[in-house]
Amino acid sequence: MQPINSRSNPTVRALRSLQTKKGRASEAAYLIEGEKMIREAAAASVVPSRLIVSVSAADTALIRLLPDVPVTLVSDAIMEYVCDTVSPQGVAAVLPIRPVDLPEAPRFSVVLDGLSDPGNIGTVIRTADAVGADCVVLSEACADLYSPKIIRASMGSVFHLPVVPVPSLEAYLRARRAEGCRILSSALDGAPFEDYVPGAEPIVLLVGNEAHGVSALSSSLSDQKLRIAMRGRAESYNAAVAAGIMMYGISQKIYQ
């Protein structure tokens, strides 16, 4: 097999387009990088539609692990061109974008209300997975779930639990309220988080935008507002850190 070494090659152009939201939507696919991430996807039964292998990694064990997946061999320069990282690991995979169903009657859901930083979104997904949340929901104002930075920051957790973008956060929250869920959100004027005692109802935790917090509409649909104490002089917690503190605290209280 001769490696592809031209940027004008149609396959290379299609792969390169996956770096953008428009390109991912057009191809109904996204790119993941590195052997660990590809193995995480395969272990979760998310099978690539194509493996991309550079000449320097042509002996990768992934080819034997996924014998039915077509392989595209490319030069090292082309691998750098199609990947998002500065120094790619020599293997990447194309995954199809497919609808993901939310679980029925989730006990603990994490909802992201307009988070814009891909690193924060990926970190929240990873933490939600670690604490045992049932799902993560992204509002229509969040960064694109299939952004390479979100996928990397999730460290494979995006394959472990349902992560679902919704077209209308308002409709989603109203539906969850109708199901009897208790919606929690963070607010500077909220009650102390350490005093929060969950009841028997399912919990929805709202995580707000990095600069503006939870939106006014989402806040109006919340049943309870909570604040995390700060003892230092920082203006606020990082959004992903604040979410992590609350997710861990809630999980310790409802799963004990």
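Which helix and strands each supply at least two residues of the lining of the largest pocket? Select strand S8 (182-192), strand S9 (203-208), strand S10 (224-227) and helix H10 (239-254) to see them. Helices (H or I, at least four residues) and strands (E, at least two) are DSSP runs, numbered from the N terminus.

Before you go on: this is a predicted model, where local features need pLDDT of at least 70, side-chain atom pairs count only at pLDDT 80 or more, and totals for chains, interfaces and linings use all residues. Numbering runs from 1 along each chain as its sequence is written, and side-chain values use heavy atoms, without hydrogens and water.

Next, show Ser186, Ala187, Leu188, Gly213 and Ser236, which lie nearest the centre of the largest pocket among its 27 lining residues. A pocket here is an open set of 1 Å grid points where a 1.4 Å probe fits, with protein on both sides within 12 Å along at least five of seven lines; lining residues have an atom within 4 Å of a point. Its volume, the space filled by probe spheres set on the points, is about 660 Å³.

Now move to the second largest pocket, with about 350 Å³ of space. Of its 17 lining residues, pick Tyr30, Val46, Arg98, Val100 and Phe159, the closest to its centre.

Last stop: Leu169, in helix H8 (residues 169-178). Leu169 is buried (under 20% relative accessible area), at 5%. Show its contacts (heavy atoms within 4.5 Å): beyond four places in sequence, Leu169 touches Val111, Asp113, Ser139, Glu140 and Ser218. Glu140 is 29 residues away in sequence, yet 6.8 Å from Leu169, C-alpha to C-alpha.

Technical notes:
Buried < 20%, exposed > 50% of the residue type's maximum accessible area, 1.4 Å probe, protein only.
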